[in-house]
Amino acid sequence: MKAVVTVVGKDKVGILAKVSTVCAKENANVVEVTQSVLSEYFAMVMLIDIQDIKVKLSTLKEEISKELPDMKIHVMHENIFNSMHEI
């Protein structure tokens with residue numbers, strides 16, 4: 001079971017580290033990450049394994065948002081993500 005985490009906003013030091021730390025704290029394993037910096041803007045998509053996660057996905061999103069309050073954060077189950085992106 002996996003989830004997709006997206007983070008978008010102004011670039012700054014430590015974004016990936018903060019998101020990864022929250023995931024590790026809640027036992028969500030980071031499987032894959034892609035990120036880009038366009039001028040001063042940061043965009044990241046992270047795939048996490050939530051098989052053994054300790055909290056709800058909504059709580060995980062809240063915890064990441066507390067660490068990065070000025071960023072736009074989305075956390076969604078892979079089934080919802082896949083359904084949204086099917087033709």
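In which helix is N79 found? N79 belongs to helix α3, residues 78-84; helices (H or I, at least four residues) and strands (E, at least two) are DSSP runs numbered from the N terminus.

The model is predicted: local features need pLDDT of at least 70, side-chain atom pairs count only at pLDDT 80 or more, and totals for chains, interfaces and linings use all residues. Residues are numbered from 1 along each chain as its sequence is written, and side-chain values use heavy atoms, with hydrogens and water left out.

**Whole chain**

Begin with the complete cartoon. Three helices and four strands make up the secondary structure of the protein, in the order β-α-β-β-α-β-α from the N terminus. The radius of gyration of the protein is 12 Å, close to the 12 Å that the globule rule gives for 87 residues, so the protein is as compact as a globular protein of that length. That radius is taken over C-alpha atoms, and the rule is 2.2 Å times the number of residues to the power 0.38. The C-alpha trace spans about 35 × 35 × 20 Å along its principal axes.

Next, display the surface. The protein exposes about 5500 Å², of which carbon and sulfur atoms supply 54%; accessible areas come from the Shrake-Rupley method with a 1.4 Å probe, and for residues only the protein chains shown count as cover. Of the 87 residues, 31% are buried. Here buried means under 20% relative accessible area, exposed over 50%, and partly exposed in between (1.4 Å probe, protein chains only).

**Helix α1**

Select residues 15-25, which form helix α1; its buried residues are I15, V19, V22 and C23. Seen down the axis of α1, these buried residues fall within an arc of 100°, so they line one face of the helix. The arc is that of the directions from the helix axis to the C-beta atoms. An α-helix has 3.6 residues a turn, so residues three or four places apart point the same way. On the other side of α1, T21, A24 and K25 are exposed. After α1, select N27, whose phi is positive, near 65°.

**Helix α2**

Move to α2, where L57, L60, E63 and I64 are buried. They cover an arc of only 120° around the axis, which puts them on the same side of α2. The cover over the buried residues of α2 includes β1, α1, β3 and β4.

Select D11, in the loop between β1 and α1. At 38% relative accessibility, D11 counts as partly exposed. Leaving aside neighbours within four places in sequence, D11 is in contact (heavy atoms within 4.5 Å) with V37, E40, Y41 and F42.

Beyond its neighbours within four places in sequence, H77 is in contact with M1, K2, A3, I50 and L57.

Finally, return to N79, which counts as partly exposed at 49% relative accessibility. N79 and Q51 are 28 residues apart in sequence and 14 Å apart in space, C-alpha to C-alpha.
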